[in-house]
Amino acid sequence: MNTHTVFDSPIGPLTAVANDAGLAAVYMAEHLRRPGWDTFGERIPASDSPVLAAAVEQLGEYFAGVRTEFAVPLAPAGNPFQHRVWDVLRRIPYGEVRTYGDVAAMLDDRSMAQAVGSANGRNPISIIVPCHRVVGADGSLVGYAGGLERKQFLLELENPTRTHTEALF
C-alpha cells in the first residue's frame, strides 16, 4: 500500500511516495511521466512513516549541502533493465556527470545509449537516484523530467564552480 507526503524544497514542492518495501518515488512539480495522484496512496505527514521521514530529512540535508549520499531503502517500480540503469546512476559520484554513452559503457554495451536515456527518463526517484547527473554527449543539459532549470540547479548545487555555460567534463 502506497502512502505519500508533499514537502517544500529549493526546487519547488516534492512528492515522496513510499510502499511497504521502501521509497518508491520522488516527483517534482510538473514532472514528466508522473503517474496520477490516485496511485500515490494516502497523504500522510512524513513523520508517520520511517521511510518518508528519512527521505525528507536526507533530501533536506542534500539541499543544505551536507549530504552527498542517500541511505533510504529504495523500492521503485521498473523492469530489470531500468533497475540496472538506476543502479549505475547511483554510482555516479556527487558533483560529477556522465553521458548516456558512459552509462551504457558501464553496462558493458556502449550502443545502448538511447535505451539508457529512456530508462533514465523513467527514473521515479529523482535526486536520490541521480538521473540529473547524466548529460548529452557534448556535455549539454538534456532530458530531465523535472525540467532543465532544475537539472542545472542540482548540478550547480553539487559543483558550485560549474555553470551551465561551462563544459561539464
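Helices (H or I, at least four residues) and strands (E, at least two) are DSSP runs, numbered from the N terminus. The model is predicted, so local features need pLDDT of at least 70 and side-chain atom pairs count only at pLDDT 80 or more, while totals for chains, interfaces and linings use all residues. Residues are numbered from 1 along each chain as its sequence is written, and side-chain values use heavy atoms, with hydrogens and water left out.

**Exercise 1.** Determine where Arg84 is found and how its accessibility is classed.

*Solution.* Begin with the element: Arg84 belongs to helix α2, which covers residues 80–89. Next, recall that buried means under 20% relative accessible area, exposed over 50%, and partly exposed in between (1.4 Å probe, protein chains only). Arg84 has 41% relative accessibility and therefore counts as partly exposed.

**Exercise 2.** Describe the largest nonpolar core and find which element gives the most to it.

*Solution.* A nonpolar core is a set of buried Ala, Val, Leu, Ile, Met, Phe, Trp, Tyr and Cys residues joined through side-chain atoms within 4.5 Å. The largest one has 39 residues, and Leu14, Leu23, Leu89 and Ile127 have the most contacts inside it. Elements that each supply at least two residues of this core include β2 (14–19), β3 (22–28) and α2, but α1 gives the most, with 7 residues.
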